[in-house]
Amino acid sequence: MKNVFKILGIICVSLAMSCNSEPSLQKYFVDHQGDVDFIAVDVPSSLLDKENIELTQEEQEALESIKKVNFLALPLNKENKVRFDEESSRIAKILNSDKYETLMRFGSNGTNAVLKYQGDDDDIDEVIVFATDQDRGLALIRVLGDNMRPEKMAKLMKSVENGKIDLEAFENIAKTIDID
């Protein structure tokens, strides 16, 4: 009788694990953290220079709602063009699932970016920025926070796009990592 319960338990666990075979963004980040071709950085919000940035009230509230930023990038070089295309397709497939809502798209001169979010319309759990550049590679940014609002996050992204918010912290982190 014990063997029957063990076998049933194994079958139940196997079925439960096979049911959730849909790729997730979190799993993608975890799977690529140790990949030598990628640059992976987790940044707590305390490293963002919030005091020295001149922002509107809405932009400030959006910035304050951020708790953590996960950054993953694949720099493009001659040897990894095929991988760049494959990874871009994988990420796009994950982000095209029903659980992510598109907030905005922008791009020019070979660079494309999409801003998506997961959560309720008035309380976002995470914001995702996925950008590709045909010369430089791809970047995937996952912003986790509390009480993030779509309209405020969109305005904050416009500030980043217009250079109002300096992303030097990310650039300095990327420079300190040996990409070779």
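Visitor: Which residue of strand 5 is the bridge partner of Y117?

Guide: In strand 5 that partner is V127. This is a predicted model, in which local features need pLDDT of at least 70 and side-chain atom pairs count only at pLDDT 80 or more, while totals for chains, interfaces and linings use all residues. Residues are numbered from 1 along each chain as its sequence is written, and side-chain values use heavy atoms, with hydrogens and water left out.

Visitor: What makes strand 4 and strand 5 a pair?

Guide: Strands are DSSP runs of E with at least two residues, helices are runs of H or I with at least four, and both are numbered from the N terminus. Two strands pair if DSSP finds at least two bridges between them; strand 4 and strand 5 have 10 bridges in the antiparallel sense, so they meet the definition of a pair. They also form a hairpin, with two residues between them.

Visitor: How do you know that strand 5 pairs with strand 6?

Guide: Nine bridges join strand 5 to strand 6 (residues 137-148), and the two run antiparallel.

Visitor: Why are strand 1 and strand 3 said to stand at the edges?

Guide: Six strands form an open sheet in the order 1-2-6-5-4-3, with antiparallel pairing. Strand 1 (39-44) and strand 3 each have a single partner strand, so one side of each is left without a neighbour in the sheet.

Visitor: Why is N109 called exposed?

Guide: Exposed means over 50% relative accessible area, buried means under 20%, and partly exposed lies in between, using a 1.4 Å probe and protein chains only. N109 has 78% relative accessibility and therefore counts as exposed. Its place is in the loop between strand 3 (101-108) and strand 4 (111-120), and phi of N109 is near 50°, a positive value in a residue other than glycine.

Visitor: What makes strand 5 mostly covered?

Guide: Strand 5 (residues 123-133) has 11 residues, and eight of them are buried.
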